[in-house]
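Colleague: I am new to this model. Please take me closely through one part of it: the side chains and what they pair with.

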Amino acid sequence: MEFSEIAKLVAERFGERVVGVVAEAIDPWIEVLPEAVAEVARFLRDEPRLRFDFLHCITGVDYLQTDPKRKIEGQPRIELIYHLESMVHRHRLVLKTILPRWKDGVEGQLPEVPSVCSVWSTANWHEREVYDLMGVRFLGHPRLERILCPEDWEGHPLRKDYVMPLEYQGIRGR
């Protein structure tokens, strides 16, 4: 199925919860509101014409202006990007949602999005990785805890404003 047909099916089903469609990208994508992610994911998996039965990965991207030489358009944000594939129909899709860097604009309060673990079991590890490194809380995740950093690690190392600690557990870094 062509991307335009997939986008049309999703837009018809979810209306205003679809906030963007970009067909001209190398990986065409559909953007949905954060609160709609799990419901859209379930539709993408269960709709017989789509059958997106495989989640390749979930990627978190921090858009924060930290280098004055590089221009980042729009407000500071975190984008979540879900790379999907239908093994049955042999088509691919990128699903995207945009979160504020901090929940309710309060620094230190992690942004939240519904978990898709109940849709694709592989999301369990991907969501834990994004939580650990980017600081996004996945609501409804069965065991949301760090996966790469130690449990007592402070902060989320892939955020652009992350400051590496000088010392950890009595060991001084560079």
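Modeller: One cut-off comes before the rest: a residue counts as buried when its relative accessible area is under 20%, and as exposed when that value is over 50%. Between those limits, a residue is partly exposed. Keep in mind that this is a predicted model.

A pair of aromatic rings is described by the distance of the centres and the angle of the planes. The structure has one aromatic pair. F14 and F43 form it: their ring centres are 5.4 Å apart and their planes stand at 80 degrees, so the arrangement is edge-to-face. F14 belongs to helix 1, residues 3-14, and F43 to helix 2, residues 37-46, so the pair ties together parts that are 29 residues apart in sequence.

Now the charged side chains. Side chains of opposite charge can pair when their charged atoms come close. This structure holds 13 salt bridges. Three of them follow.

Start with E79 and R77. Their closest N and O atoms are 3.1 Å apart. Both E79 and R77 are buried.

Next come R101 and D161. Here the closest N and O atoms of the salt bridge are 3.2 Å apart. The two partners come from distant parts of the chain, 60 residues apart. R101 sits in the loop between strand 5 and strand 6 (112-114). D161 sits in the loop between strand 7 (137-139) and strand 8 (167-168). D161 has 34%, so D161 counts as partly exposed.

E145 is in the loop between strand 7 and strand 8, while R128 is in helix 3, residues 123-134, so the bridge ties together parts that are 17 residues apart in sequence. E145 has a relative accessible area of 24%, so E145 is partly exposed. R128 has 8% relative accessibility, so R128 is buried. Back to R101 for one more point: salt bridges with shared partners join D62, R101 and D161 into one network.

Charges can also meet rings. The charged end of K96 sits over the ring of W29, at 3.8 Å from the ring centre. R159 does likewise with W102: its charged end sits over that ring, 4.1 Å from the centre.

T97 lies in strand 5, residues 91-100. Its relative accessibility is 0%, so T97 is buried. The T97 side chain reaches the backbone oxygen of V32 at 2.8 Å. What else does T97 contact, leaving aside neighbours within four places in sequence? The contacts of T97 are E31, V32, L33, P34, V37, I78, E79, L80, Y82 and V113. E79 is the residue that forms a salt bridge with R77.

H156 gives a second case. H156 lies in the loop between strand 7 and strand 8. With a relative accessible area of 12%, H156 is buried. The side chain of H156 reaches the backbone oxygen of Y131 at 3.1 Å. Not counting residues up to four places away in sequence, H156 touches L110, Y131, D132, L133, M134, G135, R146 and Y162.

Last, two residues with a backbone feature. R90 is not a glycine, yet R90 has a positive phi of about 60 degrees. R90 is in the loop between strand 4 (77-86) and strand 5. Is R90 buried or exposed? With 75% relative accessibility, R90 is exposed. D104 also has a positive phi, near 55 degrees, in a residue other than glycine. D104 is in the loop between strand 5 and strand 6. Its relative accessible area is 69%, so D104 is exposed.

Definitions and conventions. Residues are numbered from 1 along each chain as its sequence is written. This is a predicted model: local features need pLDDT of at least 70, side-chain atom pairs count only at pLDDT 80 or more; totals for chains, interfaces and linings use all residues. Side-chain values use heavy atoms; hydrogens and water are left out. Helices (H or I, at least four residues) and strands (E, at least two) are DSSP runs, numbered from the N terminus. Buried means under 20% relative accessible area, exposed over 50%, partly exposed in between (1.4 Å probe, protein chains only). A polar contact is a pair of N or O atoms within 3.5 Å; within protein, one must be able to donate a hydrogen and the other to accept it, and residues adjacent in sequence count only if both atoms are side-chain atoms. Contact means heavy atoms within 4.5 Å. A salt bridge is a side-chain nitrogen of Lys or Arg within 4 Å of a carboxyl oxygen of Asp or Glu. Rings of Phe, Tyr and Trp (its six-membered ring) pair if their centres lie within 6.5 Å; planes under 30 degrees apart count as stacked, over 60 as edge-to-face and the rest as tilted. A charge sits over a ring if NZ of Lys or CZ of Arg is within 6 Å of the ring centre and within 35 degrees of the ring normal.
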